[in-house]
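Here's a quick briefing to read with the model open beside you.

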Amino acid sequence: MEIVHVTEVHELAPEDQKFCEATKAWFKIDFVPKMSRVLLTVPEFGRPYGRASRRAMSDGALGRAQKELIASVVSAINVCEY
Amino acid sequence: MAHSAAGKLQGLADEKIWYEVAYLTGVTHALNTVADGLRLPAEFSPSVRHLLVALPDPADGEADLKTLFDEIRAFYAVDQVPAVFRWMARDPGFLQSYWQATREAFADRALDRLTKEILAFAASMTAKSDYGVDFHLREARRLGLSDRGLTEAVEVVHLFNTVTKIADTLGLKPDFPARPTGERPHV
């Protein structure tokens, strides 16, 4: 059960709404994931976290697809429903 | 869940990949559970652990077991059979079958062996398995993981250990359905 109201995009600051649009393009989806909205609910946390995430998930020595697989394995080991 | 779905949107739509990820994650987690549970010492770094159990000596086994041990040594390019497989040799029939499954889980298929070892390392680190981190980090490096690649892998582990716990704390439900189109997998 979700124990909080998950912030809607329109409730975020305008600059964070722009970031949400970029997130949709990043994931090639037509909605903003809950996690993005949760993180940006406190922008002082979410903005730097988002920068770290974007940096770490970009193609580098490892490809983005490999990194998405790592993320999936971490989620599986942590038994994370989300 | 979200990152399985996200991965499918990054060119990982082939379901063979996800079966392979599942197999290697399961095998890795099981081997780590046995190794850490029995306090088997790390294979490639100093360890203060003391074995809780006796391990068969590879030199004492039957011919079939020696052949199996040779195969395991060759697969990992090691002089000594890793302790977790020596443990299983207490029941050679079990070792024979489980080793075959392990070897196939880590074989080059839709995913290459290096990627699989990186994933096993990530699984081990997330499970806080001393044995698994030591084992799979060595394997990944041996197969070609660079320092930069290691940094990137750990950054992803770091990030997703953050968001999974944020999601769990807030009880977030998945954004994505497990199978968006609802079709049955091809097996």
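Two residues are in contact here if their C-beta atoms, placed from the backbone, lie within 7 Å. Keep in mind that this is a predicted model.

**Where the chains meet**

**The nonpolar core**
- The largest nonpolar core has 61 residues, and those touching the most other members are A:Ile70, A:Val73, B:Leu119, B:Phe121, B:Ala122 and B:Val156.
- Take B:Ala122: leaving aside its neighbours within four places in sequence, it is in contact with A:Ile70, A:Val73, A:Val74, B:Ala153 and B:Val157.
- In soluble globular proteins, nonpolar side chains tend to be buried together.

**Helices 3 and 5 of chain B**
- The axes of helix 3 (residues 63-76) and helix 5 (residues 92-105) of chain B come within 11 Å and cross at roughly 25°.
- Angles under 35 degrees count as roughly parallel, so helix 3 and helix 5 of chain B are roughly parallel to each other.
- Helix 3 of chain B passes helix 5 of chain B in a left-handed crossing.
- From helix 3 of chain B come B:Asp64, B:Leu65, B:Leu68, B:Ile72 and B:Phe75, which meet B:Pro92, B:Leu95, B:Gln96, B:Trp99 and B:Arg103 in helix 5 of chain B.
- By class, this contact has seven nonpolar, one polar and two charged residues.

**Helices 2 and 5 of chain B**
- Helix 2 (residues 15-37) of chain B packs on helix 5 of chain B at an angle of about 135°, with the axes 9 Å apart.
- That makes helix 2 and helix 5 of chain B oblique to each other, and helix 2 passes helix 5 in a left-handed crossing.
- B:Tyr23, B:Leu24 and B:Val27 of helix 2 make the contact with B:Ala101, B:Thr102 and B:Ala105 of helix 5.
- The residues of this contact divide into five nonpolar, one polar and no charged.

**A look at A:Val9**
- A:Val9 sits in the segment before helix 1 (14-27) of chain A.
- With 16 other C-beta atoms within 10 Å, A:Val9 is partly exposed.
- A:Val9 and A:Leu40 are 31 residues apart in sequence and 9.5 Å apart in space, C-alpha to C-alpha.
- Leaving aside neighbours within four places in sequence, A:Val9 is in contact with A:Gln17, A:Cys20, A:Val32 and A:Arg37.

Note on methods
Residues numbered from 1 in each chain as written. Chains lettered and ligands numbered in written order. Predicted model: local features only at pLDDT ≥ 70, side-chain atom pairs only at ≥ 80, totals over all residues. Axes fitted to C-alpha atoms, helices over the stretch in contact; angles between N-to-C directions. Helix = DSSP H or I, 4+ residues; strand = E, 2+ residues; numbered from the N terminus. Parallel < 35°, antiparallel > 145°, perpendicular 65-115°, else oblique. Left-handed = near helix turned anticlockwise from the far one by under 90°. Nonpolar A, V, L, I, M, F, W, Y, C, P; charged D, E, K, R; others polar. Core = buried A, V, L, I, M, F, W, Y, C linked by C-beta atoms within 7 Å. Buried ≥ 20, exposed ≤ 12 C-beta atoms within 10 Å, placed from the backbone.
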